Amino acid sequence: MKLHTPVLRAAVGLTLTALVLTGCRSGGDDEGSGAVDGVSSDACPAKINPDNGCIYLGVISDLTKGPFAPLAVPITDAQKAFWKKVNEDGGVGGYDIDVESNIADAEYNPEVHNRKYQEMRKDVAALAQTLGSSQTLAILEDMKSDDVIGVPASWNSAWEFEDQILESGANYCFEAMNGVDWAVANRGVKAKVVAVGYPGDYGGDAAAGVEAAAKANGLEFKKIETPTGQDNQAGAVAAILKEKPDLVVVSTGPAEMATLVGGTAAQGFKGTFVGSSPTWNPALLDSAAAPALKALYFQAGPWGPFGTDTPGHEAMRQAIGEDVSPNDGYTAGWTWSYPLLAAIKKAADDGDVTREAIVEAAKNLDEVDYEGILPPEAGRTTGEPSETAYRASVISKVDESAPTGVTMAQELTVGPTAEGYDFSEPCFSLQ
Amino acid sequence: MTDFVQALVNGLGQGSVYALLALGYVMIYKATKVISFAQPSLMIIGGLFAYHFTRVWELPFWIGLVLAALCGAVLGMVVERLAMRPMVGKPVFTLAIITIGVDIVLRIIANRYIGVQSKIVEYPGGSERLSVGGVSISHQTLGLMVVTALVVVGLLTFFRKSRTGLAMRATALDQETALAQGIKVGTMFALAWAIAGGLAAIAGTFVATQAAGIEQTTWIIALKALPAIIIGGLESINGAVIGGLAVGVVEALTAVYQPDVAPWLGANFALVAPYALMFAVLLVRPYGLFGQKEVERV
């Protein structure tokens, strides 16, 4: 082949560059706080309690251009509000908590996530948020060597088996099992279930749960992997239409989920969709897919949505104020913070607030006060994962009148598949 | 057969977006011999104009679309005047690189407006569908295809019948001769950028009506118009349209049939199918399906 002009050669070259760029979405920058091992006898920068010392927590999130940015920003804001309230209530064991000095945007990119951790690893006592499963895995070994515990902004089943990770709520795997069991009981699902999700940890964990529930319910099972990007869902849409399942369990971001539901419904598909908790974004109610979402979509989640009536939800709504748009990212960020607070409290009660002491305390929690969002036993970490893993999920339906566009159709419930599941290893291996 | 026709219709719908974008690339290339990599940002900003007009100012969709196209055109002219005009005479590769810089700057501005919530434009009756013989098409896709067809016919008429269109063609053919004939070449450059900006804004508006609207990563859609212009030929309006539609159709057909026909190609091969088509076309016709075969005197 001979390319006849320099311009044409340049165009082909730049087109190839564009092809590479299509698969690469990265960047970002931020700075750390400078405290040694994240604990200081000096007051925090906010000086809410000037006589208290300061425990610095890090946040590595997806704050601008990654697929979960619409959730990650409110998650982060809720965590700021949570720890601000803790400080306003007097702090923990003579310390205030600073969660604002070490916030990094990793854009849902494991490589950037790792880089951001390297930048803050000397400055934080723990991570108040590490968003994404692969992303957290990218720093897990360093967290272990640093004795830094992290709160994952993800619900991977592997976290139950990691001492360095302090998770809350049912993982994607149990959530998917509960979603399938609920759909079998309430949506007339009888024949076939398809799991559509991102390749790897998040989609893989949910798909493993779907497969287990399909087997338990005598359903045919098919797994479909789909990439990020609403413009890249044609293959998954075609596959769903070809398989004609009763039920589709989706584990993607909100944009991809809406494209799948809207795209298949537009071609006559009438099956039920159950999405993993990160698939929902209330902004989707403004989209052309809204009628299809109202008719076909349900969300499986680890706890009640934003508008739920519990003391914890109420405390969250008050703390974040009335000037924000309701979003279940707030609910998640707020709820995830309770066990870390419990661990720091326990470490302080035991007389030693250090990284090592926080990790040790986190391994020995008998219960966590979630203020009613989850039952206290959901925070138990003493025992084997098969005993301590919390297996109940809620199912929510689209409801335009609700603050975040969804209300509970079923409260926290453990389905029969999750109840009997042998959880002796992660549903999906991250290694 | 129904599946095939449905995939074809879906592909033509998505291909219409690529065709509009590809037309923009070709407009600028014909006038200036520069591949503009600013089209993704022009598409995004055009969609955001439409969002602002229809959701914030609550204007009807079609008025919002026209205003967005006009604003996109003005933005294209501004880019040409500020970033491109001072560089006239420099190597075209340098100018192409400048358009990448322009794209980055405009996208940073757009991202500030987008924030973290996607910006969705509501198409009137967007969820309603027309069904014929088991094949259905949404009103939104139908609207997109009709608008694309009208734009293409309008552009072809403009270039064939109007004095300005003929002046643009003359400029594309030979800038020095056009200057000698009294044509304001700089104005023709600006006009080409204006048309490209308007076309990108129309494409962006329809992208914003899709299920997930416009997010910070939506600009990547515009890159799929690049294989379209290589397939169709860099200087051909007809080629841009056919190339754009071909990319959409190949994507849709590959998504439906490749998992059964060629599963060994792996999952989601549809994403790279347009590039595979581009290479296949280049092997047979190195200047594209409708490109000009260049003859050089040695």
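These are my notebook entries on what I looked up in this predicted model.

**Entry 1: chain A as a whole**

I started with the secondary structure and found 14 helices and 12 strands in chain A. Next I wanted the overall dimensions, and the C-alpha trace of chain A spans about 65 × 65 × 45 Å along its principal axes. Then I asked myself how the radius of gyration of chain A fits with a compact globule. A compact globule of 431 residues would come out near 22 Å, and chain A has 22 Å, so the two agree.

I also looked up burial, and buried residues make up 61% of the 431 residues in chain A. For contacts, I took the ones in chain A with a separation of 6 or more, and 71% of them are between residues 24 or more positions apart.

**Entry 2: where chain A touches chain B**

How many residues of each chain are in contact with the other chain? I got 46 residues from chain A and 49 residues from chain B. On the chain A side, helices α1 (6-22), α2 (69-88), α7 and α8 (254-265) each supply at least two residues. Which of them gives the most? It's α1(A), with 11 residues on the side of chain A that touches chain B. Sorting that side by class, I noted 25 nonpolar, 15 polar and six charged residues.

**Entry 3: one helix pair across the two chains**

The crossing of α7(A) and α10(B) is right-handed.

I wrote down who meets whom here. From α7(A) there are A:A234, A:G235, A:A238 and A:A239, and from α10(B) there are B:E251, B:A252, B:A255, B:V256 and B:P259. By class, the contact of α7(A) with α10(B) has seven nonpolar residues, one polar and one charged.

**Entry 4: a helix pair inside chain B**

Next I went to α2 (residues 39-56) and α3 (residues 61-84) of chain B, whose axes come within 8 Å and cross at roughly 140°. Are they parallel or oblique to each other? I put α2(B) and α3(B) down as oblique, because only angles over 145 degrees count as roughly antiparallel. The crossing of α2(B) with α3(B) is right-handed.

The α2(B) side of the contact is B:L42, B:I45, B:G46, B:F49, B:A50, B:F53 and B:T54. On the α3(B) side I listed B:F61, B:G64, B:L65, B:L67, B:A68, B:C71, B:G72, B:L75 and B:G76. The contact of α2(B) with α3(B) has 11 nonpolar residues, five polar and no charged.

**Entry 5: two lysines with a positive phi**

Last, I checked some backbone angles. A:K47 isn't a glycine, yet its phi is positive, at about 50°. I found A:K47 in the loop between β1 (39-40) and β2 (53-61) of chain A. A:K47 has 13 C-beta neighbours inside 10 Å, so I marked it as partly exposed.

A:K244 has a positive phi too, near 50°, and is likewise a residue other than glycine. I located A:K244 in the loop between α7 and β8 (247-251) of chain A. Is A:K244 buried or exposed? With 12 other C-beta atoms within 10 Å, A:K244 is exposed, because the cut-off for exposed is 12 or fewer.

Key: Residues numbered from 1 in each chain as written. Chains lettered and ligands numbered in written order. Predicted model: local features only at pLDDT ≥ 70, side-chain atom pairs only at ≥ 80, totals over all residues. Helix = DSSP H or I, 4+ residues; strand = E, 2+ residues; numbered from the N terminus. Rg over C-alpha atoms; globule rule 2.2 N^0.38 Å. Buried ≥ 20, exposed ≤ 12 C-beta atoms within 10 Å, placed from the backbone. Contact = placed C-beta atoms within 7 Å. Left-handed = near helix turned anticlockwise from the far one by under 90°. Nonpolar A, V, L, I, M, F, W, Y, C, P; charged D, E, K, R; others polar. Axes fitted to C-alpha atoms, helices over the stretch in contact; angles between N-to-C directions. Parallel < 35°, antiparallel > 145°, perpendicular 65-115°, else oblique.
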